[in-house]
Amino acid sequence: MTPAARVQAAIEVLDLVIAAARDNGPPADRIVADWFRTRRFAGSGDRRAVRELVFRAIRACGDVPQSGRAAMLRLANDDSALAALFDGSRHAPAPIAPDEPAAPGGTAPAWLAEALAASGVTGADAAALLERAPLDIRVNALKAGIATLPEGGARTAAPHGWRYPHGTRIEDSPAFRDGMIEVQDTGSQLACMAVGARPGESVIDLCAGAGGKTLALAAETGPSGTILACDTDRGRLARLEPRTARAGAPGIATRLLDPGREAEALADWRDRADAVLVDAPCSGTGTWRRNPEARWRLNPAQLARYTGLQARLLDIGAALVRPGGRLVFVTCSLLDAEGAEQAAAFLSRWPGFRAEPPVLPAGTPRGAGIRLSPAHDGTDGFFIARLVRV
Ligand SMILES: C[S@@+](CC[C@H](N)C(=O)[O-])C[C@H]1O[C@@H](n2cnc3c(N)ncnc32)[C@H](O)[C@@H]1O
């Protein structure tokens, strides 16, 4: 494909991404992959270049653009080489009309940018939410030493964390195949550190998903410990089992929960867990680096659904903690509604708990917890509160 044909291809893909954002369709990554599946003439260089243009345009447009072409014009406004490719030649985009509008820029839709600003995220802090995310791994302490780490990594703030340059093929390395390393953002690793799991402890991972954090916790509780990984999503929980085997992680049991009937399904754990991790569903404002079009999909009603579910999951988790145990609340969001305000509301509902902010090698205090952010800590954005049952 010529450079101009790649721009036209990116415009067509962006039209599909925009429609999917409006209709709750597939994510941009899948749309790009599907688009190329039916265009075998395109080589791997074309795919990379088109994907790069699509994601640059998504990052540049704060709200859903009116069209793929308007999104690409947003980029072309600041990039004369790109603008020159709008030349109307075969497979190229039509020339830019003198008064043709580009999509507005910005960090996020206005209502969301305001909510972030009210949560103290403005300027460079807000811009960093849309930078390209690094590639972080966690060394599996259960298998450390059985294979060499891929070259080119540098230590991160997390005790078992390493960071690699973009494009490092971690998943092809013997260390990954042997379960010695997991791909995991440093922020996620620090969220697990906040649980402070110790050998022999019983820990419930209430929203385990495919077990990214479960595996990190199991590496700490070890063979004498117990981890109960729960989720309402059967597919995600099923992905944990092969990962557990690869990591050689001991003591992990899974439990599929029915939405609305979680407390009944966990009645046998009431007042028993040393620690409960509530890695709750959230808006994901802290992960826009990986998933920038998520900000085009969020609306105030969805945010309200997330905060309601977070409060309910905190109440379910609190009932499972033994006296003296910890409830650790985590969201990958920088909105106070999903962080400091949620923790404050919990503490007023549950006077038998007090906040004991985790001691972490990164982060900034925020309300009763700690905030990690791309700008300050180089991690995904997180809120982490450690709530101890007195
Ligand atoms: C932020 S994700 C968890 C990510 C996971 N802990 C990890 O580290 O990869 C939130 C999870 O909560 C699950 N979830 C949603 N509603 C739930 C509920 N009522 N009870 C338990 N889990 C729920 C979702 O299916 C999703 O997997």
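Predicted model: local features only at pLDDT ≥ 70, side-chain atom pairs only at ≥ 80, totals over all residues.

A: Residues are numbered from 1 along each chain as its sequence is written.

W35 lies in helix α2; helices (H or I, at least four residues) and strands (E, at least two) are DSSP runs, numbered from the N terminus. W35 is buried, with 20 other C-beta atoms within 10 Å; a residue is buried if 20 or more other C-beta atoms, placed from the backbone, lie within 10 Å of its own, exposed if 12 or fewer, and partly exposed in between.

Helix α2 (residues 28-37) meets helix α1 (residues 3-23): their axes come within 10 Å and cross at roughly 140°. Axes are lines fitted to C-alpha atoms, for helices over the stretch in contact, and angles run from 0 to 180 degrees between N-to-C directions. The two helices are therefore oblique to each other, given that angles under 35 degrees count as roughly parallel, over 145 as roughly antiparallel, 65 to 115 as roughly perpendicular and the rest as oblique. The crossing of α1 and α2 is right-handed, a crossing being right-handed if the near helix is turned clockwise from the far one by less than a right angle, and left-handed if anticlockwise. On the α1 side the contact is made by V13, L16, V17 and A20, and on the α2 side by A28, I31, V32 and W35; two residues are in contact if their C-beta atoms, placed from the backbone, lie within 7 Å. These residues comprise eight nonpolar, no polar and no charged. Here Ala, Val, Leu, Ile, Met, Phe, Trp, Tyr, Cys and Pro count as nonpolar, Asp, Glu, Lys and Arg as charged, and the others, Gly among them, as polar.

Helix α1 also packs with helix α4 (residues 68-76), at an angle of about 125° and with the axes 7 Å apart. α1 and α4 are therefore oblique to each other, and α1 passes α4 in a right-handed crossing. The contact involves V7, A10, I11, E12, L14, D15 and I18 of α1, together with G68, R69, A71 and M72 of α4. By class, the contact of α1 with α4 has seven nonpolar, one polar and three charged residues.
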